[in-house]
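Please open the model in a viewer and keep a selection panel at hand. The stops below are intended to be visited in order.

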Amino acid sequence: MDDGFLDEVEACIPALRRYARSLVLEGELADDLVQDCLERAIRKRRLWRRGPVQPWLFRILVNLFRNHYRNTRRRNETPFEEALHAPAQPPQQHDRLALNDTLNAIAALPDEQREALMLVALEGFSYAEAGAILDIPVGTLMSRIGRARRKLRAEGNGSPPAHLRPVS
Amino acid sequence: MSKETRTIAEEQLHAYVDGQLAAEDRQKIEEHLRHHPADAARVNEWQRQNEAIQALFAPIGEETVPERLRPAVLARKKTSRHGRRWPAMAAALLLLALGGAGGWLARPLFGPPAPAGIQQASLVEEAFNAHRIYTVEVLHPVEVTANEKAHLAKWLSKRLRDPVRIPTLDGEGFALMGGRLLPASNGPAAQFMYEDKNGRRITLYTVRRDGGNQTAFRYARENGINAFYWIDGPLAYALAGEVNRATLQRLARSVYAQLEE
């Protein structure tokens, strides 16, 4: 057991928590997802053979999200307010109401579009890296990002869709 | 402006917003935006979306990481939330690493008790049968083709009552053709088919195996078809093909690694 591996994993945790939150939106559930991901990575470290640890961890996280978490999120009524109140440093420069609209619009995106957009816009992965993490070709990735942006635009300009509880 | 150039332009605009372009291409886009206000407005909108996403979620990356997520703490934990058994997996991998001997070495060391052994025989038997029946199909080798991979995985996961993942073997020269649902002696089974550029086909057969936990890889051969099979959690797998044993073992190892990832 060399500590180098665990150190490398540890360095990725802030980014994994951030991405997990953008996927499941609720804080505790997002950390559960990260914990599952880390446990799996530590257990399967022998299967990690090449390249940097970070994309491998993201791949594990995405697969766990797809297989175990997205139904959980749909089943529960996600408290969107929590997601907005939780950040330690509330954003100052943005209009809070506009952010609420954006958050609702993000929550309404199909999972596959949110997975793609967040890897690029939040985590700053290159298109090639994001495609590899999601196991899709770059063309598919870009079309998902394009659709996500059109949808965010459509929903951001109007009132929140009827099926979402308004955030006050 | 032709339809094609407009499509390319849109992708380029996304790439510009996401910082994916080299300096030279960036300048070209900026030049383009100066003369196309509609595109400039779109780019501006997307940039504001990215800023909002950052404003919403970036602070989470600055938070103190909860104790329960510290790798040192997690590594000390003996059991996991899902209760997977690491020693059995390690044994399976070790046996694989031993090379060709792995298949039959597994039997005396990790062989299940007799009743489970009988089930195993039927698993590999059914996998061989399914392989023989469907790999010769020209018109309908699969029920759902690879371009509906997500749908295929969802459908079969539902029928097998456990998340079914479809490994990719492109790196090994085998492209996914698709898959189908099959009747097995104790419920539904799934078969995925792959083909290499010479038209050689291999199949991955998966069936629910209640009460099974983990076994090492086993090897079987019948009428020129080689197979590696194993149980992992609620599902049993068999990878079969008319390829040599070493190649098939390499493929089985890749499948196993992807299913565990």
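The coordinates come from a predicted model.

**Stop 1: the sheet of chain B**

Display chain B as a cartoon and select its seven strands, which form an open sheet in the order β1-β2-β3-β4-β7-β6-β5 with antiparallel pairing. At the edges, select residues 144-145 for β1 and 218-222 for β5 of chain B; each of these strands pairs on one side only.

Next, select residues 201-208 and 235-241 of chain B, which are strands β4 and β7. These two strands run antiparallel and are joined by seven bridges.

**Stop 2**

Then select residues 245-260 of chain B, helix α9. This helix lies across β4, β5, β6 and β7 of chain B and runs at about 25 degrees to β6(B).

**Stop 3: the contact between chains A and B**

Show both chains and select the residues in contact: 51 from chain B and 59 from chain A. The size of an interface is often given as the accessible area lost when the parts come together. Between chain B and chain A, the buried area is about 5,200 Å², with carbon and sulfur atoms giving 59% of it.

Polar contacts between chain B and chain A comprise 17 residue pairs, with both residues at pLDDT 80 or more. On the side of chain B that touches chain A, helices α1, α3, α4, α5 and α9 each supply at least two residues. Colour α3(B) separately, as the largest share of that side, twelve residues, comes from this helix. By class, the side of chain B that touches chain A has 24 nonpolar, ten polar and 17 charged residues.

**Stop 4: salt bridges across the contact**

Side chains of opposite charge can pair when their charged atoms come close. How many salt bridges are there between chain B and chain A? The count is seven, while the count over all chains is 23.

Select A:R17 and B:E63, which form a salt bridge with their closest N and O atoms 3.2 Å apart. A:R17 lies in helix α1 of chain A and B:E63 in the loop between α3 and α4 of chain B, so the pair joins two chains.

Finally, select A:D32 and B:R68, whose side chains meet in a salt bridge at 2.7 Å, N to O.

Notes:
Residues are numbered from 1 along each chain as its sequence is written. Chains are lettered from A and ligands numbered from 1 in the order in which they are written. This is a predicted model: local features need pLDDT of at least 70, side-chain atom pairs count only at pLDDT 80 or more; totals for chains, interfaces and linings use all residues. Side-chain values use heavy atoms; hydrogens and water are left out. Two strands pair if DSSP finds at least two bridges between them. Helices (H or I, at least four residues) and strands (E, at least two) are DSSP runs, numbered from the N terminus. Contact means heavy atoms within 4.5 Å. Axes are lines fitted to C-alpha atoms, for helices over the stretch in contact, and angles run from 0 to 180 degrees between N-to-C directions. Buried area is the accessible area (1.4 Å probe) that two parts lose on being put together, summed over both. A salt bridge is a side-chain nitrogen of Lys or Arg within 4 Å of a carboxyl oxygen of Asp or Glu. A polar contact is a pair of N or O atoms within 3.5 Å; within protein, one must be able to donate a hydrogen and the other to accept it, and residues adjacent in sequence count only if both atoms are side-chain atoms. Ala, Val, Leu, Ile, Met, Phe, Trp, Tyr, Cys and Pro count as nonpolar, Asp, Glu, Lys and Arg as charged, and the others, Gly among them, as polar.
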